[in-house]
Amino acid sequence: MKQAPALAQGFPDLSGMRIAREPHWFRWISAALIVLVLAAIARAFANGQIEWSYVSRFLTAKVILEGIVNTMVMAVLAMMLGIFLGIVVAIMRLSPNPVLKSVAAGYTWLFRGTPLILQLLLWFNLALVFPTIGIPGLWSARAVDVMTPFLAALLGLGINQGAYTSEVMRAGMLSVDIGQYEAAQAIGMGRLRALRRIVLPQAMRVVIPPLGNEFIGMVKATSLASVIQYPELLHNAENIYYANSRVIELLIVAGLWYLLAVSILTPLQMLLERRFARGTLRLAR
Amino acid sequence: MTKPLVAIRSVAKNFGEFQALNNVSLDVWPGEVMCLIGASGSGKTTLLRCINQLATIDAGGIWLDGELLGVREQGGKLHRLSEREIGRQRLKTGMVFQRFNLFPHKTALENITEGPTQVQGRKPDEVRAEALELLRRVGLSAKADWYPAQLSGGQQQRVAIARALAMKPMLMLFDEPTSALDPELVGEVLAVMKELARSGMTMMVVTHELGFAREVADRVVYMDQGAIVEQGRASDVLGAPREERTKAFLSAVI
């Protein structure tokens, strides 16, 4: 065996020595200041004109609970409509057909270009434009009867969401490698089947984080439906404080419920992400 | 008298100003193993892509199994076929890509069963049994439930070959199947292709593996600047080329 060359002298052995802890004075001072400010804010609220007993009493009131249920029902349904429209429009946008392409672009332009609250008011007041609606000769009804607050909110929120979701979906589909389309074609798939079986499942992985964002936005956007009398959380909270004048207390109640709803959604998104991450992890089996 | 499985006549294909294929005519006979060689940009990959219609030709015609590809002649004019028709014609060819293009969200087994169940609408049980047999044939029985990202390049390419074979094609197209592989993984893929050649499959292989061409190919076609320069038995084209351009290419490669 060959002898290793001798090591140079003058370098002491450090193996037994520990690294000393630094005092971090600035860290301690800044932390103390922040805690002080937070305590002051908390004290201000505790001594302010808030009757906390009202908050706890109305937190689980029947009307408030109905409100949060209606909020979540509307958020889920409108989001489903939005995702459905978003996928259809994104596919139209990527189609070689110029008519489909420009209709899709026009839809996105129109519904992203006007305020959501305006769209909700338009849907709700559709009866002013079309007193009766229906299919000629088959079925018709008075628009005021059909366009309930529920339907107006669903259409307004869902169709508006579709315009945003279509761009998210399109980004996801563009992120899938072109070789995947070709491999799908090579085993005889048509464009739509390749999209459904091969491209969209891979796009979902990219699309879920921004869709989670959009859904959280949707939960809060349902509060706009209060202007068209849909009995969601904020609308119901407002109705209570119109009667008892406890404005801030009831706004806090509503705020706590929104926070809770959004807190529950975050881990759900993580579960979905794990589902669609199939095959992307090298080691996990 | 037998007919060629593929008949290519006066085919041209341009990408803008660039002439990828220039008046190419060629026959591929049933059971033949043909290797296409040439520098990059010589048109050999484009020719394969035209045969399974991932690229559309600008002039000329390609017949597969006696059927004109991509268009139908009617009243002295050519009418483009529907996507459904083109999909049906594609099923006669199997394609193996340089970069494998396995579906990353599906396991090895699911990659193989996807086409037969989804496109051909066959029974899942029956397809599954065939897919497992194909995996055995490419030596990957143990990897059926693995995702592509968990497999080596050579293993991925063997799954890709099995995926193409699952559609029971009459013609297998290989587009530089070993170019993206580490050198030590090339052998396992070539071994699978040799076994396939011996089984009587008609194959068109774009390759830089001259050793493989010499050993397996019935015919070697040398292409340059979108045209066929020289073709013949492997021993002739590779051993005693007649054209200057072929000689120059071979001396550059070896």
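Modeller: Let's start with a definition: a charge sits over a ring when NZ of Lys or CZ of Arg is within 6 Å of the ring centre and within 35 degrees of the ring normal. In this predicted model, Lys143(B) lies over the face of Trp146(B), 3.8 Å from the ring centre.

Biologist: Thanks! And over which ring does the charged end of Arg275(A) sit?

Modeller: Over that of Phe276(A), at 5.9 Å from the ring centre.

Biologist: Where do Tyr54(A) and Phe58(A) lie?

Modeller: Both belong to helix α2 (residues 52-59) of chain A, and they are 4 residues apart, about one turn of the helix. Phe58(A) has a relative accessibility of 16%, so this residue counts as buried. Tyr54(A), at a relative accessible area of 22%, is partly exposed.

Biologist: What about the rings of Tyr222(B) and Phe249(B)?

Modeller: Their centres are 5.2 Å apart and their planes stand at 35°, so the pair is tilted. This pair links distant parts of the chain, 27 residues apart: Tyr222(B) is in strand β11 (residues 219-224) of chain B, while Phe249(B) is in helix α9 (residues 244-253) of chain B.

Biologist: Are Tyr222(B) and Phe249(B) buried or exposed?

Modeller: Both Tyr222(B) and Phe249(B) are buried.

Biologist: Now for the cores. How many residues has the largest nonpolar core?

Modeller: The general idea is that nonpolar side chains tend to be buried together in soluble globular proteins. Here the largest nonpolar core has 50 residues, and those with the most contacts inside it include Ile161(B), Phe174(B) and Met203(B). Helix α6 (residues 183-198) of chain B gives the largest share, 8 residues. A second, separate core has 48 residues, among them Leu116(A) and Met147(A).

Biologist: Leaving aside neighbours within four places in sequence, which residues is Met203(B) in contact with?

Modeller: Among them are Glu32(B), Met34(B), Leu171(B), Met193(B) and Ala197(B).

Biologist: Which residues of chain A does the UniProt annotation "transmembrane region" cover?

Modeller: The unreviewed UniProt entry lists residues 25-46, 67-92, 116-139 and 250-272 of chain A. In the model, residues 25-46 are 100% helix and 0% strand, with the end C-alpha atoms 32 Å apart. Residues 116-139 are 38% helix and 21% strand, and their end C-alpha atoms lie 30 Å apart.

Conventions
Residues are numbered from 1 along each chain as its sequence is written. Chains are lettered from A and ligands numbered from 1 in the order in which they are written. This is a predicted model: local features need pLDDT of at least 70, side-chain atom pairs count only at pLDDT 80 or more; totals for chains, interfaces and linings use all residues. Side-chain values use heavy atoms; hydrogens and water are left out. Helices (H or I, at least four residues) and strands (E, at least two) are DSSP runs, numbered from the N terminus. Buried means under 20% relative accessible area, exposed over 50%, partly exposed in between (1.4 Å probe, protein chains only). Rings of Phe, Tyr and Trp (its six-membered ring) pair if their centres lie within 6.5 Å; planes under 30 degrees apart count as stacked, over 60 as edge-to-face and the rest as tilted. A nonpolar core is a set of buried Ala, Val, Leu, Ile, Met, Phe, Trp, Tyr and Cys residues joined through side-chain atoms within 4.5 Å. Contact means heavy atoms within 4.5 Å. UniProt positions are given in the numbering used here, feature names are shortened, and annotations may be inferred rather than shown by experiment.
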